[in-house]
There are 2 protein chains.
Amino acid sequence: MRISQLAAATEIPVATIKYYLREKLLHEGVLTSATQARYDDSHVRRLKLIRALIGTAGLSISATRQVLLGMENPPESRHDLLGIAHHAVTRTAPDDVDLSPAQRLLDRWGWGAETCDRDTQAALVDALHGLSDAGFDAPAALLDRYAAAMRDIAAADVESVPTDSAEAAMRHVVLGTLLMEPVLLAMRRLAQQSASFQRFGEAES
Amino acid sequence: MRISQLAAATEIPVATIKYYLREKLLHEGVLTSATQARYDDSHVRRLKLIRALIGTAGLSISATRQVLLGMENPPESRHDLLGIAHHAVTRTAPDDVDLSPAQRLLDRWGWGAETCDRDTQAALVDALHGLSDAGFDAPAALLDRYAAAMRDIAAADVESVPTDSAEAAMRHVVLGTLLMEPVLLAMRRLAQQSASFQRFGEAES
């Protein structure tokens, strides 16, 4: 198909497709003349994947490139798959980052240095700083309830990783990690509205 | 204190503080001369709150303004508090949005039109589209496990809302909703690393 047909098939504007080609997120088509190329289903699939990573997961162009490269070159170890996904969405922490505000949680839930990376530990510290900066006092019991819920879904995430092929495992881990985040947040908001309606809605209406 | 001292106390640059003043996110100080104003602890608290909303929760300037306005003018109904927070982080859905891709989840978990708003239902549809666009097949059992975990933490969120004052309830709902999202995502990543290490790490090392 021509680029205009590729745009129609994916509902992505031609200018955006050309931008992804220039940025090497999308592979070139087969040249059929000096100014025209032919594209196929592999371009449609790739464009949908790019759109999900940028539009749904909210990744930057450079994080998207990192993730796509990682997916094309799966690491030897299954455990390292997760690093590709997490690295794309986690800021690099300074060497001297102080983890003590999260120490109780890290210790209590087994998220120490032997299993977890420092940048992700620092992301939890940052998030907790945001709470205390805003004067929001999150009780330890509430944080533990969050941690227990996350332990449960993370177990489900990891159990569901296919073991038949490295390629399938990689897609599953990277996409499941990044694209389930917006699902999770939308579900939390729906569940909050439902719980709030139960507690406050009926008495006042 | 002077604006330079306010900057030192909050570690926010003077130019950024002036920007927040122009954007009316931060209230003016008391003028002490034609070119100088005096600021107090209320400005420090407000700046920390603004930083948490923009830096930690990732809100835009206009969403931050909406949230701050909502916090200053709490709605009559406790249930509507949640709307202020959710509205700031949820795109407005088109009138003709098709909710059918999420219908099973909405029905099964009690997230229908009587308790939940349409924009948040549409956010779940968008997130599910992202998964299918990327060719990621999320089994219904996995989505249900996510939903169950979110129901549990949403119940904890709503139970923890204080009922002694409208002002306290409002702060709690708005900040707890927005600022706990990054906590949740950081915890999920840590829990995934820990679970992945249990499943894949030891056998290969």
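Reader: Which residues does Arg189(A) touch, not counting residues up to four places away in sequence?

Author: In this predicted model, Arg189(A) lies in helix 9 (residues 166-204) of chain A. Leaving out residues up to four places away in sequence, the residues that Arg189(A) touches are His86(B), Val89(B), Thr90(B), Thr120(B) and Glu181(B).

Reader: Does Arg189(A) count as buried or exposed?

Author: The cut-off for buried is under 20% relative accessible area. Arg189(A) has 9% relative accessibility, and therefore Arg189(A) counts as buried.

Reader: With which residue does the side chain of Arg189(A) meet in a salt bridge?

Author: Side chains of opposite charge can pair when their charged atoms come close. Here the pair crosses between chains, from helix 9 of chain A to helix 9 of chain B, and both of its residues are buried. At 2.7 Å, N to O, the salt bridge joins the side chain of Arg189(A) to that of Glu181(B).

Reader: How many salt bridges are there between chain B and chain A?

Author: The pair of Arg189(A) and Glu181(B) is a salt bridge that crosses between the chains. Over all chains the count comes to 20 salt bridges, and between chain B and chain A the count is ten.

Reader: How many residue pairs are in polar contact between chain B and chain A?

Author: One polar contact is made by the side chain of Arg189(A) with the side chain of Glu181(B), at 2.7 Å. When both residues of a pair must have pLDDT 80 or more, the count of residue pairs in polar contact between chain B and chain A is 36.

Reader: Which helix of chain B gives the largest share of the side that touches chain A?

Author: Several helices of chain B each supply at least two residues of this side, namely helix 3 (41-56), helix 5 (78-89), helix 6 (103-108), helix 7 (118-133), helix 8 (140-159) and helix 9 (166-204). The largest share is 28 residues, and it comes from helix 9 of chain B.

Reader: How many residues of the side of chain B that touches chain A are nonpolar?

Author: The contact takes 81 residues from chain B and 81 residues from chain A. On the side of chain B that touches chain A, 21 residues are polar and 19 are charged, while the number of nonpolar residues is 41.

Reader: What is the area buried between chain B and chain A?

Author: The size of an interface is often given as the accessible area lost when the parts come together. Between chain B and chain A, carbon and sulfur atoms give 68% of the buried area, and that area is about 7800 Å².

Reader: Which residues of the largest nonpolar core touch the most other members?

Author: In soluble globular proteins, nonpolar side chains tend to be buried together. Met187(B) is in contact with residues of chain A, including Leu105(A), Trp111(A), Leu124(A) and Met150(A). The largest nonpolar core has 146 residues, and those that touch the most other members are Leu124(A), Met187(A), Leu124(B) and Met187(B).

Reader: The side chain of Thr177(B) has a polar atom that lies 2.6 Å from which backbone oxygen?

Author: Thr177(B) is buried, with a relative accessible area of 2%. Its contacts beyond four places in sequence include Arg188(A), Gln192(A) and His172(B). The backbone oxygen that lies 2.6 Å from a polar atom of its side chain belongs to Val173(B).

Reader: How many residues apart in sequence are the parts that Asp144(B) and Arg104(B) tie together?

Author: The side chains of Asp144(B) and Arg104(B) meet in a salt bridge, at 3.3 Å from N to O. Asp144(B) lies in helix 8 of chain B and Arg104(B) in helix 6 of chain B, so the pair ties together parts whose separation in sequence is 40 residues.

Key
Residues numbered from 1 in each chain as written. Chains lettered and ligands numbered in written order. Predicted model: local features only at pLDDT ≥ 70, side-chain atom pairs only at ≥ 80, totals over all residues. Heavy atoms only, no water. Contact = heavy atoms within 4.5 Å. Buried area = accessible area lost by both parts, 1.4 Å probe. Salt bridge = Lys/Arg side-chain N within 4 Å of Asp/Glu carboxyl O. Polar contact = N/O pair within 3.5 Å; in protein donor to acceptor, adjacent residues only side chain to side chain. Helix = DSSP H or I, 4+ residues; strand = E, 2+ residues; numbered from the N terminus. Nonpolar A, V, L, I, M, F, W, Y, C, P; charged D, E, K, R; others polar. Buried < 20%, exposed > 50% of the residue type's maximum accessible area, 1.4 Å probe, protein only. Core = buried A, V, L, I, M, F, W, Y, C linked by side-chain atoms within 4.5 Å.
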